[in-house]
Amino acid sequence: MPVSSHERFLQGLNPSQRAAVAQTEGPVLVLAGAGSGKTRVITRRIAHIISLGLAPPSGVLAVTFTNKAAGEMRERVGELIGAKTAAGVVVSTFHSFCLHVLRRRITHLGYRANFTISGEGDSRTLLRRVVDELGVQSESFSPATFQAAISLAKNTGETPENARGRPARTATEEKYAQHLGEVYARYESALRAANSLDFDDLLTLTLRLWREHPESLAAARKQFRYVMVDEYQDTNAVQYDLLRALVDGHRNLCVVGDDDQSIYGWRGADVRNILGFEKDFPEAKIITLDQNYRSTETILSAANGVIRNNAARREKNLWSDLGKGRLLDHFIVADEEAEAREAVGWMNHIRAKSGAAPGDFAVLYRSNLQSRPFELAFRQAGIPYAVFGGQDFFERAEVKDIISYLKIIANPRDEAAFLRVVNVPRRGIGDATLHQVHDLCREEGKSLGMALAALLERGMAPKNVEQGIRRFLAILSHFRKRFRERDGSMESIARDLVAEIDYPGELHRTSKTPEQYESRMQAVGAVFHALAMHEADTDHPTLTGFLDHSHLNGDAAFEKGGNERRDAVSLMTIHSAKGLEFPFVFIVGLEEGLLPHERSVTEGTLDEERRLFYVAVTRGQRHVTLFEALSRVRNGRERPCKPSRFLAEIPEGLLRQQVRAARDMTPTPPEPKPKKKVVRRKPL
C-alpha cells in the first residue's frame, strides 16, 4: 500500500521518535538519550514540516554547535527532500546565524557594516596592551587569563559592571578579579575603536540588537516559523535568551538534548536551560527517546546506575534490544605504565577472540596528558593509533620546547631544534638577526650556534640583542658540559635547565587559565619522568639514547597525520568523544582526583564529572573496560591513588575484576620513585 507524502517521513521510526517528528506545533522538549537516534528525528522533522506545507524551506531554522554537525544535518535533509529544496533551510551554528543577522543590521548599534572579527590571537594582542596600561607595576598578569574570564562573562551575560563583583575562590582568582571589570571595559572600548567584534560578541550584540531595536527581532520572527536546536543541554545564558526572544509569539521551538550529557559547564553551558524548560514554556510537550540503538543492555545498566546518583536530572532509563552482552571488565593495575601495558595486552586478547580491528577501539581519558604512556606502549607494540581532541604528546608545544633544548645540547647542528628554542623564552633575537646567522651558515659552513657566536665576536650583532645572544649560548655551553660530565641524574640536570631559562614563568605568562598552566607544567613534568624512567631502565643511559628511545626523530606514521588513519586505535579525552561510538571502549584513570577531577569537589561540579563518566560509558557498543591505577605520577612525582567513587556506583554484578596489583602488595611509592631507582643502579 503506497505511503502518503504526509506519512513517508514518519515511516521506520519507533513510537517516541514518531511522536517527536509529528508534534510540529508549540514548544517541544525531546529528551534524547545517548544513541537514541536524535539526528534522525531532527532531520525527519524538518522534512515533515516542509512536506506538510507548514513553512517554506527558508522558514525553518535548525541550530547546532559545530560546522561539522551543521553540514551533516544539511546533507541528511537533502537526502530526504532533495538538495535543491534543502538548500533553502537555514542550518547553522549559533555564531554563524548571529553573524548573518549583524551583517545586515549592526549599524543600528553604531558599528560600521564592514566590522571585522577579532580572532583569538588578535584579541589577546589587544588585551596585552590593555593589561600593560593597567599601571600595576608590582604585579604580572597573563592576558590569556583575562581573555578566558571575559569570554566566560560574556557567555553568561555578565557586563563589565557585573564582573567587578564576581567572587574569587583562590588567591590567583582574587588577583585577577580585582582588575577584571576594568580590563573588560577597556577591552570592549579597544574592540569598538577598531570596529571589531570577538567571537562572543556575535551572540551578545545580536541579543542587544533585538532588545534595543524590536523591528530587527520582528523580521527574524516573521521569517523563521519553526526553530529547532540540537545539543540543547550545551546552550549558555545568552543563547537561551536569543532562542526565547526569537520564538516569542508562535512558540514553535523544538529543542533536542540530554541533561545527562551536559559536560561543558566550564565554558558557560547551563544545564538549567534543559532542566527548567517548562519555566518559560509551561505548555511544552515532553517526549523521551530512551531506546538505545548503540550499546548492550549491560553497558546501559551500568550507565543508568551511575547517573541516577545525580539528583538534579530528568528521569530516563536507557534500554536496548541488542542483547545482554559481556560484563564490564575492571582492571586494577600498579601505575600508568602498567595501565598502558595491560591495555595493549587486553586489546590483543580481544582482537584475537573477536577479529576486531584497531579502529574498533577507543581509549578515553579525562586529561590529554594521560595519553603519553599509551602512545609509547602502542608504538612499542606496533599498534597504529590516532590522537584526537589534543595534540600528540610529542607534538605539544611545551614538550617540543624542552625536547628541542635537549636535542640541541646533544647535537649542536640540529637546525630545527635551534630555531625553535633560540627565542624561547623571548630574548629579543628577531628575524633580522637570524637572517644574518643564516647568511654566515651559507657562506662559511658554520652551524647556527657557531654563526651566532661569530656575530658577537665580529661585532655584527645589534647592541640590543647582544645580552640575549650571550645568555643563550652560555646556557647551551653550560648544560652541554653538565650532560657530558653527568654531575647528576639526567632528570635533575633537565630540571635545572628548565629553571635556568625560567620556562615556568614563560608558561605562566602565555597560559589562558590557571588550569591550562597546570596542564602544561604537568606535560613538562612528564618529560622529567620519562628521563628518570629511561635512566632507571637502561644499563648505559645517555641523552642521545633517550631521544632515540622516544622516537622523536622518526616513526612519522605515528607522529604525523595520525588523525587521518582509519584503522587505528582512537586516543581522546572524554569531551572529544562526545557524539562518537566504538565497539570497544577503554576508560582509563578511574581514580579520585582524576575522574572525578580534584577541583570538582571544591567547586561543586561533581554532578558534571559524573555526567562525563556517563558519556564515556555510553560510547561503547559491544564492551567497555575500566582501568584503575594504584599510583600515578602527578606533577613529576608518583603518588598513591584512591579508586574513583563512580566505580562503586556501578550496580553490583555488572563488573568483572581483573586484579593485576593490590594495595596490600604495593608499598607506598618513594618520592620520587624514579630517583630512588636511579640511586640503586650500579655505577657505570
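Which residues touch the most other members of the largest nonpolar core? Here are my notes, bearing in mind that this is a predicted model.

1. To take that question head on: the largest nonpolar core has 51 residues, and Leu-406, Leu-452, Ile-469, Phe-472, Leu-497 and Tyr-503 touch the most other members. Have a look at Leu-452. Setting aside neighbours within four places in sequence, Leu-452 is in contact with Phe-418, Val-422, Thr-433, Val-437, Ile-469, Phe-472 and Leu-473. There is also a second, separate core of 39 residues, and Val-238, Leu-242, Leu-243 and Ile-274 are among its members. As general background, nonpolar side chains tend to be buried together in soluble globular proteins.

2. Next, the sheet. Seven strands make an open sheet with parallel pairing, in the order S11-S12-S10-S13-S14-S9-S17. The edges are strand S11 (385-388) and strand S17 (655-659); each has a single partner strand, so one side of each lacks a neighbour in the sheet. On average, and with direction ignored, neighbouring strands of this sheet are turned by 20° against each other.

3. Now the rings: the whole structure holds 18 aromatic pairs. One of them is Tyr-232 with Phe-277, an edge-to-face pair at 5.9 Å centre to centre and 85° between the planes. Tyr-232 is in the loop between strand S6 (226-229) and helix H12 (237-247), while Phe-277 is in helix H14 (residues 277-280), so the pair links distant parts of the chain, 45 residues apart. Tyr-232 counts as buried because its relative accessibility is 1%, and Phe-277 is buried too, with a relative accessible area of 0%.

4. Phe-586 lies in strand S13 (residues 582-587) and Phe-627 in strand S14, so the pair ties together parts 41 residues apart in sequence. Both of these Phe residues are buried. They also belong to a cluster linked by ring pairs, together with Phe-331, Trp-346, Phe-361 and Phe-584.

5. Last, two charges over rings. Lys-175 lies over the face of Phe-141, at 5.1 Å from the ring centre. Arg-267 has its charged end over the ring of Tyr-264, 4.0 Å from the centre.

Key: Residues are numbered from 1 along each chain as its sequence is written. This is a predicted model: local features need pLDDT of at least 70, side-chain atom pairs count only at pLDDT 80 or more; totals for chains, interfaces and linings use all residues. Side-chain values use heavy atoms; hydrogens and water are left out. A nonpolar core is a set of buried Ala, Val, Leu, Ile, Met, Phe, Trp, Tyr and Cys residues joined through side-chain atoms within 4.5 Å. Buried means under 20% relative accessible area, exposed over 50%, partly exposed in between (1.4 Å probe, protein chains only). Contact means heavy atoms within 4.5 Å. Two strands pair if DSSP finds at least two bridges between them. Helices (H or I, at least four residues) and strands (E, at least two) are DSSP runs, numbered from the N terminus. Axes are lines fitted to C-alpha atoms, for helices over the stretch in contact, and angles run from 0 to 180 degrees between N-to-C directions. Rings of Phe, Tyr and Trp (its six-membered ring) pair if their centres lie within 6.5 Å; planes under 30 degrees apart count as stacked, over 60 as edge-to-face and the rest as tilted. A charge sits over a ring if NZ of Lys or CZ of Arg is within 6 Å of the ring centre and within 35 degrees of the ring normal.
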